[in-house]
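Please consult the sequence and the structure shown below while reading.

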Amino acid sequence: MKGGPVQDAGRLMARVRERDTAAFEALYETHQRLVYGVAMRMLDDASAAEDVVQSVFLALWNRPDSFREGNFTAWIGRVARNRCLDILRARKVRNEDAMAVDVAGDCALDDEIFARLDGDRVRAALASLPEEQRKPIEMGFFEGVTHDEIARRTGIPLGTIKTRIRTGLHKLRDQLQGAVVR
Amino acid sequence: MNRATHDEMLDLVAVHALGALPAGEAAYASAHIALCDECRAEYEKLRPAADAIALEPDNILHARDCARMKNRLMTAVRQTPSANRISRQMPTVGALIALAAAIVFGFFTIADQRKMHDLELAGAKTYAVADGEILKTPQRVVLVMRRLPPLAPGRTYQAWTLAPGANAPVRGPGRRRCGQRRAGRREPVADDQAALRSAADLSALSGAQFRLSLTTSPTV
């Protein structure tokens, strides 16, 4: 692991476990926009997005052991997304299968890449994808819909959707990796 | 599993990395990933790319709103229990886990045998428990079950590995908590299925013996 921010977040979380409010504030300052951005994009409601920020960080303060290891930024982004998925589900009755809720931090994240990423690089990488790949990826991530629903909404066969998501994620990874190496 | 079928599995794994699979398929993908090196490598390769998408939104948050939100949060933080109170609560966790271990497997019935087939072919040893099944390789352990009882909102299932006689999760280079899933509140219970992958290093377990326990806890 080379990324300073990753180590910083790890150290700050260790202090948060000791109830250090200054460390908590520092984590909040550096990750508030990420959580708010995810929530705004998914919920399209500023008030609801603020509530998500509040609940995610308050839960972090109350249960700091919920973050165990890995990349904190990736972890809290996923926590925010999961919280938004809960809200989206509550907003509508879904006849389809409920979407799985991922385990935040259940796999080793590529810290080196993540620590050096920022919004501009991610936006550029996503924008470089062909629309046929970017669209199902963004629908799956931000709209909280399953691959079946993406296929239904777009009228594209499910198998094609899955392949496009996979191809797109590979390209996205390559783009992001290239962006941080340059 | 032939090559064509496995390529389809890799596609499914990518959708899983994105977090866009329905619960049943996600459980199946998780179980397969736990025992298939190629699919696990694919998942771990694509997951960071999927996670990075969270950085994409570019919403403007005005300084005034930032300050108001922070004040709201910190006011709530100052009203929470002190560190000492939290630390006094911690020793009870192990006891609760041990208690849960004794009763947990009574909740479930054996998972879809067709879906278990791939795992068995991978050379895993299979152990039947009261109402579930455990598959174990030297490196990993997979717990597959279905018909999880619905949980109250805001709680998750968590699976743990415990050394014999221990009342606390195994510590080691791997993770203590080996997996969790949130019970879908809208899922038909009869179709519910979960596979929990242990990321714990089983070599840390004395004599390769271990216990699995399942608990529920608040989500974050």
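Helices (H or I, at least four residues) and strands (E, at least two) are DSSP runs, numbered from the N terminus. On that basis, chain B holds 7 helices and 7 strands. This is a predicted model, in which local features need pLDDT of at least 70, side-chain atom pairs count only at pLDDT 80 or more, and totals for chains, interfaces and linings use all residues. Residues are numbered from 1 along each chain as its sequence is written, chains are lettered from A and ligands numbered from 1 in the order in which they are written, and side-chain values use heavy atoms, with hydrogens and water left out.

**Chain B overall**
- Read from the N terminus, the elements of chain B follow the order α-α-α-α-α-α-α-β-β-β-β-β-β-β.
- Chain B has 220 residues, and 54% of them are buried (under 20% relative accessible area; exposed means over 50%, partly exposed in between; 1.4 Å probe, protein chains only).
- Among contacts (heavy atoms within 4.5 Å) in chain B with a separation of 6 or more, 68% join residues 24 or more positions apart.

**Helix H4 of chain B**
- The buried residues of H4(B) include B:Asp65, B:Cys66, B:Met69 and B:Leu73.
- Helix H2 (21-43) and helix H3 (46-62) of chain A are included in what covers the buried residues of H4(B).
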